[in-house]
Every structure is written in C-alpha cells, then in structure tokens.
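The sequence and structure come first.

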Amino acid sequence: MNYRITIILLSFLFLSCKRKQKDDNTDGKKSVTLVVTNLPSDHDFTRDIYISGDFEGWSGGRPELKLEKKDSTYYKITLPNHRETINFKFTLGTWETVELDENQQNIENRTYTFKNHPEMIQVAIGSWSNGNNNKTITTKQPNVETFAETFNMPQLNTRRKISVYLPPNYSKSKASYPVLYIHDGQNVFDKATSYSGEWEVDETLNKLHQTHGLDVIVVAIDNSENRMQEYTAWKHEKYGSPQGKQYVEFIANTLKPAIDKAYRTKKDAKNTAIMGSSMGGLISHYAVFAHPDVFGKAGVFSPSFWFSEKTYTHTEKNLAKAQHSKLYYLMGEKEGKNMVDNLNKMLQLLDKNDFPKDHFISKFSPNGTHSETFWRSELKDALLWLFSEEVKFEPSKNPIAKEVKTVQLAAGKLLRVTDFPSNYIRPRNVDVWLPENYSEDKKYSVLYMHDGQMLYDATTTWNKQEWQVDEVASKLMNEGKVKDFIVVSPWNIAEIRWQDYFPQKAFNYLNEETKMALLAEAKKKNFEIAFNADNYLKFLTKELKPYIDKTYAVKTDREHTFVAGSSMGGLISMYAMCEYPEIYSAAACISTHWEGIVPTTENNPIPDTFFAYMSDHVPSPETHRFYFDYGTETLDKYYPQYAEIVDTIFKKKGYTDANYRNLKFEGANHSENAWQKRLHIPLEFLLKK
C-alpha cells in the first residue's frame, strides 16, 4: 500500500469511529473499521461492495451495509459490535458475486472478535465470483440428489431449490426412513454452493451409517434474499414483515407431502425433524411448537432468540401440545453473552413449566463461535441424540485383542480385536500377526494389509484360498531377506468393500455430466455409491495406528510403516500413500483394479481419474517407494493396457528402478492363490534390509 493511502486510512480512523451508530446489540464503545485496500486486478470500481454476515442474517448485500467508496482506490465500512465475534464475507451485492480466493475457490468465513477499543483492519480480496468462474470443487456426496431446481412455494409465491440426501443403503433396502428438514440448503451438502461454510451433513451421515447404522433422509431447502423474513414469525422494526409462519406452513403442507410421496419415509411427527442455525435455529424452534403434530424433533443451533420476546410467549403457550417433542439446543460461549443468556432463559422456561427433562438437552461449548465450522463439529452428537431410536449399534470404547487359537497358522501367533471401535467406519475385526519369537525387547516394522480375513487360513475364507502371509513372511525373516515386522490386517465388510476402498477424491476429476451419468447408472442397478475411503484412511491412521504403536513393540516412524493390498485393496494402498505420505513410506499395490468398477471394454472414464489424481498427488521419490504388478488372466486381463500410463506418471515424478516397480506376471489370474505365489516379491521390495 502506498504512503498516500496509509495517511488517508489513519486520518479517517478517528472520524469513522466517532460517527458509528449504536444499535440494539452494541454497547456503543467497540467498533471495527474494515478497509478493503487490495482488490483483484480486474476489479471494476464502478461496482459497489457490501459486507454480509451472521450479524445481519447473511443477506448477501443490504443497502445499509454498502461500503463507502474512496477515490477508486479502496473501500471502507465501520461496524459497531453486534456480538462478541462476527462471521462475514464481502460481495458485490448478491451471493452469486461473493468473494473468492486468488485461485477462484470458495473461502471460509472471515471472523472478527471485537476489542475493548476501536480497531482498523485492512482486507485483501483474491477474486470475485460471477457464477461461472468459481472453481471450487463440489464436495456433495453421490447419494445427494436434486429433488427440484425450482420447487413451487405457494405460501410465499416463489420457488426454491430442494436437495435430498438418501441413506447409502436406500436403493437396496425396502425400509422407510425418518426425515430431517434443514434450512440454508446451500450450506448443507456442498462447499461449492456454500456462501458461509458447509455443514457436511452428507459426509457425517454416511459416516454414521457405517459406525452406528443410523439412516436418515435429509431434505435441504435453499434460502433466499428474504432469509431474515422467512426465518421468523414475528415483526422486527429493522427487518420488515415476517414470513416465517408461511415458510413453516410450506414445509408442513406442501414440501413434506411431496417428499413423503416421492420417497419411503416414516411420515409421523416422531420421525420428522427440523434443524437450523442462527435465524434457522429460531424458525426450527418456532416450527416444533407451532406444528408439533408435524415436527416431533428439532435441532436448534445458536438460535437468534434476541429477535423477538414473542419467542418465549409462543413457546409457553404451546408447551402442553409439544410435550412429546425432542429438542436439541446448542450454543457456543464465544457467540456473545446475550446469545447465551437468551438460550438459558428459554431452558429455564422449559424447566419451570415441567417440560419433560428427557425430551430436551442443551450443550454450551466454551470455544464455540457463530459459524458453520462450529455447527459442523457438533452435528454428529445432535443427530445421534435426536434419532437415538434409529441407532442400530454403538461401537465399543476400547479395543481388546485376544489370541485366535482356532486359526491354522504355519508360524507365529494371531491376535484379533473383534469389532474394532471407530468414529469413522463400521466396526470390523482387526487381526495382528506376530512372528515366531516376537519379543517386547526389540522393535518391529509394521505392514498394514487390507482384506484381513483372506490372509492366513484357507479353511475359513469364502473361496478356500489364502495369501499365506504367515508362511511367506516367516521364511523371508528367517532367511534374513527382510526386516523383522508384524502384520496388521483389518477385515473388509463385503457389502461396503468397494465404498471403503475406492479413492474418492479421484471421482471429483470427472466432469459433471459424466459423474451424473455414472450415478444414474449405479442407481438404476441398485448399486450404492457412497464413498468412504477418506474415512477408512482416517480409521487406519488416526485410530488403528495409534493403538498398534501403543500396544506392540513397533517402530512408529514413516520409514518402518508400510501398506499393501490387492485389486481394490491395491487402489486404497496407492491412495493411502498419496493422502498420508507422512505415515507410509512404501506401498504394494498388487493386481491394482484400475478399472475401478465392473470392467468394460471401452469408454470407461474411471481409470483416467486415478491417473489424474496420481499425477497431482504422488509423493516425492526421495522419501517413498511404490510397487505395482498385474497378471494377464481373468480380471487381471484388463490391467496390462494401463501399465505404460502408470510408468509414465512415475517417471515424470522422478521415480526409478530403485524406488518403483510395475511388474507383469504372464498367465497369472486374479486370485489369492496367484498373489500368494508372488507375495515374496513385494514383501522384499517393501521390507528389504
């Protein structure tokens, strides 16, 4: 910034703070002046800039929040404190023109915590969205679909986009499901459409499907520029006529019947929930007391009870008929004393009027702020409490390993944790193979191998084949060809193995048209596409590895930690190395299933997504090693065509024969028997002394 601008900024700071206006939520002493001094090179200074945030309902651009333009050089605005911490972004007047970073990606909310004195903050804006140049990659999961782009809202004489999340097992099941209605639909499923951060409702519920068997349909309703009016039933002198009564009647009388007709839903009130935050929390609270015959549950996050005292009289008036409702209240203690006090006032009202104590719960988080980041972090607990009757199983708290004495081993000892507890994936068995003469007095390397139930005992596998890991590993160690190591082998769960092992970030390399076509084809064939590989890797690295490191005599550093698998297990091994290069130093990807789906002879777009992902994410050859191989028979016959492409990717990254292999085994098929015959080769590559 040049000298002239610096002088100007300093000179108006005192005057700006002097002119600040006191409003209902400020003490008149604290303020911040935001000065936009660094703008995109193509910024048009004839355009106005607005600030929008949680302190004014995320309107996108209210006239009174237009920044003051200074000499086609910079913009400024002074805000009094509305609460302790505010979240905000800048726009050119609508959310379609919200600020992006310099790479044209969505950014997280800006935040500011007011000081006890006026302050000036300088702001840089990377770029503006124009609706077409936003390059944020969608994070919406495949089991989210658009119910309607412009669904009619007769109560409000307008139309709105409605999105629906379906449980991962929806297409294969004949069951009916409870339904959750959520406001601010742009922020519910997708970072690419979010204007203030994403809740990650789809990722969270996909995870809870795995870990707790919880399945819920979610209906997300986009907001509009009338958000403040639609999310309240009471008039406020600043925000115009309320439309909340009509909005809730739309959900209850128009949208819900349409959803119930289109999907297999549990239609009664005890299986119908409504949820939102801030003004969305306010309207959710209103709805559950105005229509307890429709909404039997409510998630009320950071509710804006400050908006009207009538919130309390409405609640008290309808307490009796809402006695059977379940209410989950959430508040961050950094959202401001008034916000906390207002929620406590509501809780006291419920308590004083004998609302059943087991029908409402409240959580005050010491570090919680008024933000999607906070609400996202608390969503899991709210869902588990609100839909507790739908939870099919609770993971145990502590893994307990017991020796498996019935397994037929050639050497060593096998320990098993039954249903290893996880916050990321469905609990499954984890086997730990210890070599002969395992001793706590020495340290061992660790090899993580997928499909654990197929590794040791052919008498217990589905196809009566095994990898013979105990035989091959013992022989190599006895001959001194490899380091001493143990093998940690999580089992697969057959019906979700593909979802656990498919490198999900690669799917985002597909163009939108191809992606939609594949999802439609999968839906037609009742095939679940609800990726879970990122959670599976979190399980391996954040839960399983710490347990292994603590429980066994192992070397915990990257140089002594390896990963291996075959087919889809080969893909997830490659993905593990790329996503967690700080954890693993080498991977064996045996008969890697480059096809990704059921093989086709032409026009399969999936392999190219893996290659594009690897081109962007393969770690440094100075610290990592990769082993690939393939046969030529049965399923393996589809793999030789990709060998040259894989070689090219790794050569461009600087890999050589010292740290890279891609071997062909003529006549080898796609089976445990084939992999057993050549297992010594990848093991020597990974664990050579």
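## Strand pairing and strand β2

Two strands pair if DSSP finds at least two bridges between them. In this predicted model, strand β2 (residues 50-53) and strand β5 (residues 85-91) are joined by 4 bridges and run antiparallel. Opposite Gly-53 stands Phe-88 of β5.

In a regular strand the side chains alternate between the two faces of the sheet. In β2, Tyr-50 and Ser-52 point one way, while Ile-51 and Gly-53 point the other way. All of these residues are buried.

## Confidence

The average pLDDT of the chain is 90, and 95% of the residues score at least 70. Over residues 1-27, however, pLDDT stays under 50. The model has 49 contacts beyond four places in sequence for that stretch. Where pLDDT is low, the predicted coordinates should not be read in detail.

## The sheet of 9 strands

An open sheet holds 9 strands in the order β18-β19-β20-β22-β21-β23-β24-β25-β26, and its pairing is mixed. The edges are taken by β18 (401-403) and β26 (660-664); each has a single partner strand, so one side of each is left without a neighbour in the sheet. On average, neighbouring strands of this sheet are turned by 20° against each other, direction ignored.

Within the sheet, strand β21 (residues 445-449) pairs with strand β23 (residues 561-566) in the parallel sense, over 4 bridges. Leu-447 has Phe-562 in β23 as its bridge partner.

## Helices on the sheet

Helix α13 (residues 533-551) packs on the sheet and touches β18, β19 (413-420), β20 (428-434), β21, β22 (485-490) and β23. The direction of α13 makes about 135° with that of β22.

Helix α18 (residues 680-687) lies across β21, β22, β23, β24 (586-590), β25 (625-630) and β26. The angle at which α18 runs to β25 is about 170°.

## Nonpolar cores

Which residues have the most contacts inside the largest nonpolar core? They are Ile-486, Leu-544, Ile-548 and Phe-650, in a core of 62 residues. Leaving aside neighbours within four places in sequence, Leu-544 is in contact with Phe-420, Val-430, Tyr-448, Val-488, Pro-490 and Phe-539.

Another core, of 56 residues, lies apart from the largest one. Among its residues are Ile-162, Tyr-181, Phe-305 and Tyr-329.

## Aromatic pairs

A pair of aromatic rings is described by the distance of the centres and the angle of the planes. The model has 47 aromatic pairs. One of them joins Phe-147 and Phe-151, with 5.8 Å centre to centre and 40° between the planes, and is tilted. Phe-147 has 23% relative accessibility and counts as partly exposed, whereas Phe-151, with a relative accessible area of 15%, is buried.

Phe-147 also pairs with Tyr-263: the ring centres are 6.0 Å apart and the planes at 45°, so this pair is tilted. It links distant parts of the chain, 116 residues apart. Phe-147 is in strand β10 (residues 144-153), and Tyr-263 is in the loop between α4 (244-262) and β14 (272-277). Tyr-263 counts as buried because its relative accessibility is 10% and buried means under 20%.

Elsewhere, one aromatic cluster is formed by Trp-594, Phe-611, Phe-626, Phe-628, Tyr-642, Phe-650, Tyr-655 and Tyr-660.

Definitions and conventions
Residues numbered from 1 in each chain as written. Predicted model: local features only at pLDDT ≥ 70, side-chain atom pairs only at ≥ 80, totals over all residues. Heavy atoms only, no water. pLDDT = per-residue confidence, 0-100. Contact = heavy atoms within 4.5 Å. Buried < 20%, exposed > 50% of the residue type's maximum accessible area, 1.4 Å probe, protein only. Helix = DSSP H or I, 4+ residues; strand = E, 2+ residues; numbered from the N terminus. Axes fitted to C-alpha atoms, helices over the stretch in contact; angles between N-to-C directions. Core = buried A, V, L, I, M, F, W, Y, C linked by side-chain atoms within 4.5 Å. Phe/Tyr/Trp six-rings, centres within 6.5 Å; stacked < 30°, edge-to-face > 60°.
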